[in-house]
Amino acid sequence: MNDVIGLAPWLVGLPLIGAAILLLGGKATDRWGHWLGVAASAASAVIGFILMFRMIGTPAEERSIDHHLWTWLSAGGLDVDLGIRLDPLSLTFVMLVTFVGTLIHVYSVAYMDHDPHRRRFFGYLNLFVAAMLTLVLADSYLLLFVGWEGVGLASYLLIGFWDTGRPSARENAVAAKKAFVMNRIGDMGLIAAMALLFAGTGALDFGTTLSDDAVGSLSEPTATAIGLCLLLAACGKSAQFPLQAWLGDAMAGPTPVSALIHAATMVTAGVYLMVRSGPILEAAPTAQLVVVIVGAVTLLFGAVVGTAKDDIKKALAASTMSQIGYMMLAAGLGPAGYAFAIFHLLTHGFFKAGLFLGAGSVMHAMDDQTDMRRFGGLSRFLPITWITMGLGWLAILGIPPFSGFWSKDGIIEAAFMPVEGQPWRAWVFGTVAVLGAAITAFYMTRLFFMTFGGRRPRWAENQHPHESSPLMWWPLVFLGVGSAALGAVLGIGGTFVTWLEPVVGHAEHHEPVLPVPVIITATLVVVVLGALLAFRMYAVSLVPEEAPRGSVLTRAARRDLYQDAANETLVLKPAHGVARLVQVGDRDVVDRGWGALPQAVSWFGAAFRKAQSGYVRSYAAGMAGGVLVIAVVVWLVAGLGGAQ
Amino acid sequence: MDITNYVVLAAVLFAIGATTVLLRRNAIVVFMGVELMLNATNLAFVTFARMHGDLTGQVLAFFVMVVAAAEVVVGLAIIVTIFRTRRSASVDDVNLLRG
């Protein structure tokens, strides 16, 4: 392992160099820039493969390696070494980011073919890959934070990529800003968590802070505070309740961006943070419970929103939110859930990226139409997209033997695990997870059949849908195969769980409150029922081209359950009120208060300038009078002093 | 001679000079008042030097004379210049620096 560890920095380095060349090189790189971007990402993937195979060959107890690069900063008691942590967890992410990332790079070559700024797009994509790899490879919270901000920046740049020359340019720019600002709220949580952690343990690197000694030295309130701050950070980055509002708008970016950043990798960084900080969370049961609640709320929230969206990308975004809710729920369950959180993250990365790229392929065929009510009957025209998206659909539903079954079922089982002293938890969270699976089945089936099924196409008359170019469908095929097979390959026999064990620890096996076969059967039954209901509503009966008014719940879900309105009333309005108060206070109290001082000086000046008459003789008289007064005073004082 | 006489004379001369400065408008006359005040102080200096029997007061009197001579040169030049521009030697006409 030690002979190839030197390659690890190049995982980050190559995409970073690629981004630098593309962004600094200017128009000179326009002609071949996109291929350079693909090459940089692919080279990272190759290095990732080499490292992973070497790691599989090393014994389990030697699989966590801290590779020190250089001392970054040394200030008083704070020494931060810049280094790379290679372990099964970070390598899993490396593989996901570089492999799916490379596929999406290839797809983008064709997808962005007609865009005049394609080179800049690839520059940003490479920047994102470099930042994401920094995030997952960091060996300290501080370096993780650098990557954390880097992916936020790349996300901002890519959401707002089409901010000129389009009818939606303004909306795109606003969406980018919204994502950026909401992410900042989470980032403050991460900074606060780092400050608390440093105050508590005196270090920021994973090796020290996550050791048993350091965690043991934290008092429970401190650990809870750190855990909640980390959760805030994760909520911002992973679009979890209550910081989820930005993800739907982030769909303003080009579709490959939605696939890479807002489905497969960046939005799952919050889950990574939770799992990485596992030892701290385990020391704070309250924080863990909050993590589980946030996950459960978000998974239902996203699923409900997903059922009403007619925009194919926004429906997928709601689904992403909901699936990450599953991962958060698992991450809050302790060692029993960590492995399945990451496993679901991995399979979700594949099938959701595939679904998004498929949606991109559909949009490509339909002149950038995103309204599913204007699709229908596309299976004949886009056979490859249809089949690959079908695989993704079966995977997200959790139908065995497709990927999602292995990971999501693990999470549902973990949710049913009894917690000592709180018997209600297993039942509440288990039921929520099963209910979420049923709603997921409904909205994904709805999405799939509204797009591909139906007896009557609902397109505009001048549209001629066609299958996209091989550069676009080959990545779809890879991701489709991944969606179909990855879960079974890694899930059967617990391969993936064993692989992660050196990082997340061995979970004591508990029996769920219901027998496992009962859970699996119940989940499958509700999933099939949900899917059948959607099939009846959207494939058998005709889908109206205009959205019907719908029930109260549908209308609420269309508007994201009023999350924007809630933010507006609960946060923006009070914040505006405070700002206005401060403004009035500044103007009427502070400005007026300080304004009185020069006013007083000015009045004194006006009074004293009367003395400046300009007549020399009056000045002389003043001087003479003054001397006289002083003489009299001196005489009197001396006289009195003499008298005593 | 009693030393008091000299001091009283100096005080009387100084008072005459000061009154001249304060009451007369003609710049030349004001100037003469100033000279009178300076010489009154000189008389006081010399008187006290004599009284104390050391030369410090005498030396200071010389300094005052030197300064007075220089002051006359500069002061007369200013007065002449003002007279040329404003056709008046009255100190009350020169009040441009009022606040």
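In which loop of chain A is the place of P242(A)? In this predicted model, P242(A) sits in the loop between α9 (220-238) and α10 (245-249) of chain A. The peptide bond that joins F241(A) to P242(A) is cis, with omega about 5°. A cis peptide bond also joins P400(A) and P401(A), again with omega of about 5°. P401(A) is placed in the loop between α17 (383-397) and α18 (403-415) of chain A.

Backbone angles were examined next. D367(A) is not a glycine, yet its phi is positive, at about 55°. This residue is found in the loop between α16 (335-365) and α17 of chain A. D367(A) counts as exposed because it has 12 C-beta neighbours inside 10 Å, and the cut-off for exposure is 12 or fewer. In chain B, R87(B) also has a positive phi, near 55°, and is a residue other than glycine. R87(B) belongs to the segment after α3 (56-86) of chain B. With 8 other C-beta atoms within 10 Å, R87(B) is therefore exposed.

Chain A contains a hairpin of β1(A) and β2(A), with 2 residues between the strands. Strand β1 covers residues 65-75 and strand β2 covers residues 78-86 of chain A. The two strands run antiparallel and are joined by 9 bridges. I65(A) has L86(A) in β2(A) as its bridge partner. Between the strands, G76(A) takes a positive phi near 55°. Strand β1 of chain A is hardly covered. Of its 11 residues, the count that is buried is 0. In a regular strand, side chains alternate between the two faces of the sheet.

An unreviewed UniProt entry places a domain feature at residues 72-122 of chain A. The feature is named "NADH-Ubiquinone oxidoreductase (complex I) chain 5 N-terminal" in that record. In the model, residues 72-122 of chain A are 57% helix and 25% strand. The end C-alpha atoms of this span lie 29 Å apart.

G306(A) lies in helix α14 (residues 285-308) of chain A. G306(A) is buried because 25 other C-beta atoms lie within 10 Å, and the cut-off for burial is 20 or more. Neighbours within four places in sequence were left aside when its contacts were listed. On that basis, G306(A) is in contact with A315(A), A318(A), S319(A), S322(A) and Y443(A). V419(A) is 113 residues from G306(A) along the chain. The C-alpha atoms of G306(A) and V419(A) are separated by 31 Å.

For chain B, the UniProt annotation "transmembrane region" comes from an unreviewed entry. Residues 6-23 of chain B are 100% helix and 0% strand in the model. The end C-alpha atoms of residues 6-23 are 26 Å apart. Residues 28-48 of chain B are likewise 100% helix and 0% strand. Here the end C-alpha atoms lie 31 Å apart.

Finally, the interface between the chains was considered. 11 residues of chain B are in contact with 10 residues of chain A. The side of chain B that touches chain A has 7 nonpolar, 2 polar and 2 charged residues.

Key. Residues numbered from 1 in each chain as written. Chains lettered and ligands numbered in written order. Predicted model: local features only at pLDDT ≥ 70, side-chain atom pairs only at ≥ 80, totals over all residues. Contact = placed C-beta atoms within 7 Å. Nonpolar A, V, L, I, M, F, W, Y, C, P; charged D, E, K, R; others polar. UniProt positions renumbered as here; feature names shortened; annotations may be inferred. Helix = DSSP H or I, 4+ residues; strand = E, 2+ residues; numbered from the N terminus. Pairing = 2+ DSSP bridges.
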